[in-house]
Structure formats: C-alpha cells, structure tokens
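Keep the viewer open as you read.

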Amino acid sequence: MSSGKKVWSAALLATAMLAVTAACGSGSGGESADGKIKLRFSYWGSAARQQMTEEAIKKFEAKNPNIDVEGEFSDFAAYYESLSTKVAASDAPDVITLEIRGLREYADRGTLADLASSVNTGDIDPKVLATGAIDGKQFAIPTGVNAFSLVVSPTELEAAGQKLPDDTKWTWDDYVNLASKISEKSGGKIYGTQQSFNPAYLQIFAAQKGEPFYNGNKIGVSPATIKEWWTTHQNLIKTKGSPDAAKTAEIGAQSVDQSLLATGTGAMGMWWSNQLGGIAKKSGKDVDLLRMPKLPGATTGGMFLQPAMFYTASSKSEHAAEAAKFIDFMINDPEVGGIILSDRGLPASSKVLAAVKDKLPPTDKKVLDFLDKVKGELADPPAAPPKGASAMEDILTRYSEEVLFGKMTPDDAAQKFITEANASIAG
C-alpha cells in the first residue's frame, strides 16, 4: 500500500455513482487493430513499478498471444481522480488496482466483478483473502501483504551516538526522546524523524488503548485518544525531534522518495513495510524495520497485517474471462513473482513466495524476516472499511496540521475530525 494523499472529488464520486447506475454497458476492453483482445489494466506507483509491471505484462502476452494488455499507469496522487472519471463515463478498465480504503466504495457501486470462481486463490491465507470479500462476494484478490512499521537508519543513529532501541519495550516517550537526541547531536543537519498522519498510525495507537478505528459506520476512536496521539506529534516539534509544522506539511505532501529518510536528512519515519526497498534505494543507506512504540501498560502493540493492494475486475468488462486470467497470472505465476518481488507487498500466494524467497534482494529479505518475527503479535487483517474511508487520510491530515500550526485547539479539532469523518463514511 503506498501512502499518500488522495483527492477524491465529491462531485466526481456522485457523478460516478449516477453514471454507473445508469450505464448499460462499458467502454472497457475491445479489440486491438490486429484483432487481438485488448485488456486495460490500471495501476499507480513509481517508475520502477511501471518498468517491472510492463515486464510482467510481456510475460503474460507471450503466454497468451491472443491478448494485448494496455497498462494505464499514473502516480498515486492522480490515480483515484482519474479512475473515478473513467468509471463515471462507463469506461472502467478491465482490471483495476485498488487499496482496501477504496474497495467498498467501488464494490457498493456495482463496479466490480465477483472473482470467487475465476481466480485460483488456494495458496492465499484465508484471513488475508477475506479482506477482499464484501457481503460474501470475492471482489478483490490481494497482491501481497505488509505492515505499517517504524523505519530507521542505523547509520544515522550511530552517527548521532545513539543505539537502536529495544523495540519490544520502547514507548512513545522513548521515540520522542530518541528523535530529539538525534536532531541535537547532528547539529540540525539530520532530523530524528518525520511526522506521519497516516490513518494506520492512529489505528495502531488507538488499538493500544483498546479502541477500534472504525466501529461499524462510525469512527471508533475517542476524542481523548486522538488528542493523546496529537500530543506525540506536538512533542516532536517542541523537542525539535521533527521539523516544524510548516516543513512537516511540506514533506507530508510529497512522495516517499522525497522523505527525510530517503533524502538523507532524517533518521526515522513510518511507512508500509513494502516501501522499505524504495527508501533504501533512494537513500543509498541501510535501513531496518522496527515495531511501533507502545503506550505504557498496553496489552497489544496494535500492528496488523494488511494487503498492500488488490486486483479487481470491472463488472462490465467485455472480456471477463480474460481479465480474470490476467489477475490469476499476476497472483500465481512464479515468473511474475520473480519480477515484482515485494513491490506490491510480499506475495500473497504461499507458492509464489516460496519460489521467490531466495531471489529477494537484501532489503526485501529484511521485510520477510521482520514480518515472520512479529507475525504472532499482529492483529488479523482488517475487513474493508466503510464507504468513504478513502477520504480519511486527507481529513486526518488537515485537522492534524490545524493542531500543529496552532490554528485549532486539540479539543475542537478532535470533535470536528470525528464529525467530518463520520459524515464521510455515513454518506
């Protein structure tokens, strides 16, 4: 799952719902000029992901010479806006990549096909597979799994005279103290950490307080917990463990490639585990994964396993069988696994994971080892969140920044966040 901000236009979504309801056909699929079946496949990501995906597509086309697959690629920021427009125009791609946050949105609109009988899912953990099911229908097939974790550069810690923390015991106060010491020892050249407003972070923090992020179609996190979560962010700024509010907002609007850790100006940060390889490559430094810190007395760390993303198929595709065949290939073919490796999470198929395990680059092996180490502590993968959850990161980031800039009190911001978030997921 790539982290980042989504800008879903309410007007576009409303138009999409009306258009899909009214549509009697779809513009997806069709035939190429040479008479081959044409499949359209939408996905987002980095240039490296695009390159490996195109290589996988060529493998599929070589084995299925009657099918051409046309990749519809964009960066993450533009992906959902573009997809909403296509769906609204009854022009959905045949195969659509989605995150768990957008799954129910599209499933409830009738956009997605049930893939239960057309894709081989026998080698996928049933609990992981269940995250792609809604109301008994398997609308989505997980590509791979990851966990939201603390990423750290041991080199930067050592340069600041600090040791790696014992992540089985460390607290949020320990995290703030470590970050401030790194910033201080580096003379302002390196920040201890950067802030994160990813809902997964708040979900982990809330779980340590015994609260779910979602409670049915409402936010399950209490105002008190949200305020306590913001206290950690405020303390990082006060102690200079992170950049100030202005720089925090600027960095937060950028991709992981422009993060402090990736650009060599930070020592820690929070990301999904499948992003470790990209951070290591961009920074040119060794990076490790750590458990998230805990609140004192917490009985759970709150971390959880989650599909990095899903492959879904348009319910209106003119080539449903071929779309399912392509998804099956991308999930189950070991050669594809050897190309994509952990870019879309560690492969969901146990057979593919076993086939590529020895081929994983060192950073990906770290991810595998880390998830193996903590798997007994991880909560079960969550069910698809309520419709409207796709807007949650934008809403949470906006109120978090209001608090950090001092434009809104934590009390006021927590209440307004809950009100707006509930309106988003209830509508």
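Glutamate 420 and arginine 398 join their side chains in a salt bridge at 2.7 Å, N to O; the term asks for a side-chain nitrogen of Lys or Arg within 4 Å of a carboxyl oxygen of Asp or Glu. Glutamate 420 sits in helix 17 and arginine 398 in helix 16 (residues 392-404), so the pair links distant parts of the chain, 22 residues apart. Helices here are DSSP runs of H or I with at least four residues, strands are runs of E with at least two, and both are numbered from the N terminus. Glutamate 420 is partly exposed at 26% relative accessible area, and arginine 398 is partly exposed too, at 38%. On that scale, buried means under 20% relative accessible area, exposed means over 50%, and partly exposed lies in between (1.4 Å probe, protein chains only).

Before going on, a word on the ground rules: this is a predicted model, where local features need pLDDT of at least 70 and side-chain atom pairs count only at pLDDT 80 or more, while totals for chains, interfaces and linings use all residues. Residues are numbered from 1 along each chain as its sequence is written, and side-chain values use heavy atoms, with hydrogens and water left out.

Stay with helix 16 for a moment. It has 13 residues and spans 18 Å from its first C-alpha to its last, close to the 18 Å expected at 1.5 Å a residue (the expected span is 1.5 Å times one less than the number of residues). The helix is mostly covered, with 10 of its 13 residues buried; among them are Met392, Ile395, Leu396, Tyr399 and Leu404. Just after helix 16, glycine 406 takes a positive phi of about 75°.

Now back to charges. The whole structure holds 21 salt bridges. One of them pairs aspartate 411 with lysine 227 at 2.5 Å, N to O. Aspartate 411 belongs to helix 17 (residues 410-426) and lysine 227 to helix 9 (residues 223-238), 184 residues apart. Both ends are partly exposed: aspartate 411 at 48% and lysine 227 at 26%.

What about arginine 291 and aspartate 167: buried or exposed? Their side chains meet in a salt bridge at 3.0 Å, N to O. Arginine 291 lies in the loop between strand 10 (288-290) and strand 11 (305-313), and aspartate 167 in the loop between helix 6 (154-159) and helix 7 (172-185), 124 residues apart. Arginine 291 counts as buried because its relative accessibility is 10%, and aspartate 167 is buried at 10% as well.

Methionine 268 touches Leu150, Trp170, Tyr175 and Leu261, among others, leaving aside residues up to four places away in sequence; contact means heavy atoms within 4.5 Å. Strand 9 (residues 268-272) is largely enclosed by the rest of the structure, because 5 of its 5 residues are buried.
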